[in-house]
Amino acid sequence: MSKIKSIFPLGFPWQTQDPFLFCVYHSDHYPEGNEELGPKASLEGRTLGNDFTLKDGWRMYHGKKVPGFPAHPHRGFETITIVNKGFCDHSDSLGAAGRFGMGDVQWMTAGSGVQHSEMFPLLSTDKENLLEMFQIWLNLPQKNKFAAPHFAMLWHEEIPILKAETSTVKVIAGSYNTLEALDPAPNSWAADRANDVAIWNIQVTAESTYILPKAKNDIPRMLYFYEGDTVEIEGRTLTPNHGISVDALESLEIKVRGKNAHFLMLQGKPIDEPIAKYGPFVMNSDEEIQEAMEEYQRTQFGGWPWPDAANVHDKSKGRFAKYPDGNIVEK
């Protein structure tokens, strides 16, 4: 029996399985930044406000001066944002804020409803600004759909990383061998270890073999090959931009050829509840979606306490997190 269940090309966003809703991979080679933290380059020819075309190696997304995603609402799920390269400026309706990057992870529970913005400040004015980022949408079970919104930063220096001779595994959620990830958000599906939720970022050295360890339970497991040359798995040769659904109860041998290979691994016990989705809202029924839209129109989920929908922080600031209670952590 093959350990591979299916192989599929990666689109935008990436296809996932319950309990995950989807994963977006951003890889943008931005030019030097200007004084407003936007690109020091012409924006002519771009559909500003909805620029998802990879022109000259980068996109503005919904940003008009600074690339990124100005204020928008969420309800009923969580966002896990991994920034491997570059920076993300976060601002939200709870009054929380942060600048994170270079390996940091932000875990936000939208729960009952929150607005946030995610902008990508181009801090380098004399060299290219690279952005490599994943945003994973993890669903919430019905019992936690209206949990209080929660914001946490997992700093790169504190995230467990297993370094072996030919591989490096960053354990963002779950456990890997003897390593345990930092605590997830308290109302997350990942907070119950019985759900075996795991998020690993894996790098394997070229011309070596890596063994992906088996899981404790027979659960959906997806491996995303997003950077490298070629890999051989179960006698099949794969190039980047492919997802692989694998048997979680079996270890998996991966032979890496040509260049170092980079993978994201997602697994978890399915929530197995009805899903109703409409843009930024994920509930269990169409009626709940309608209620979410009406409540957002009435309350704006607490309003927007920042001067701009596309809020960015001062250029001089380093990595930091400001929590809703006013506590500030700087790195």
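In this predicted model, strand E17 and strand E20 (residues 242–246) run antiparallel and are joined by five bridges. Within this pair, methionine 222 stands opposite serine 245 of E20.

The two strands belong to an open sheet of seven. Its order is E1-E20-E17-E22-E15-E12-E11, and the pairing is antiparallel. The edges are formed by strand E1 (4–9) and strand E11 (161–163), each of which pairs on one side only. Neighbouring strands of the sheet are turned against each other by 20 degrees on average, with direction ignored.

Strand E12 of this sheet holds serine 167. Serine 167 counts as buried because its relative accessibility is 12%, under the 20% cut-off. Beyond its neighbours within four places in sequence, serine 167 is in contact with Leu162, Gln203, Val204, Thr205 and Tyr210.

The largest nonpolar core comprises 28 residues. Trp14, Ile136, Ile199 and Leu264 have the most contacts inside it.

Isoleucine 199, in the largest core, has contacts with several stretches of the chain. With neighbours within four places in sequence left aside, its partners are Phe20, Ile80, Ile82, Ile136, Lys170, Val171, Ile172, Ala173, Leu264, Met265 and Leu266. Two of these partners, Ile136 and Leu264, are also among the residues with the most contacts inside the core.

Strand E8 (residues 114–119) is mostly covered, with six of its six residues buried. Both faces are covered. Val114, His116 and Glu118 are buried on one side. Gln115, Ser117 and Met119 are buried on the other.

E8 pairs with strand E3 and with strand E5. Strand E3 (residues 68–74) runs antiparallel to E8, and five bridges join the two. Here proline 73 stands opposite glutamine 115 of E8. Strand E5 (residues 87–92) also pairs with E8 in the antiparallel sense, over four bridges. In that pairing, serine 117 of E8 is the bridge partner of serine 91. Glutamine 115 and serine 117 are both buried on one side of E8.

Note on methods. Residues numbered from 1 in each chain as written. Predicted model: local features only at pLDDT ≥ 70, side-chain atom pairs only at ≥ 80, totals over all residues. Heavy atoms only, no water. Core = buried A, V, L, I, M, F, W, Y, C linked by side-chain atoms within 4.5 Å. Buried < 20%, exposed > 50% of the residue type's maximum accessible area, 1.4 Å probe, protein only. Contact = heavy atoms within 4.5 Å. Pairing = 2+ DSSP bridges. Axes fitted to C-alpha atoms, helices over the stretch in contact; angles between N-to-C directions.
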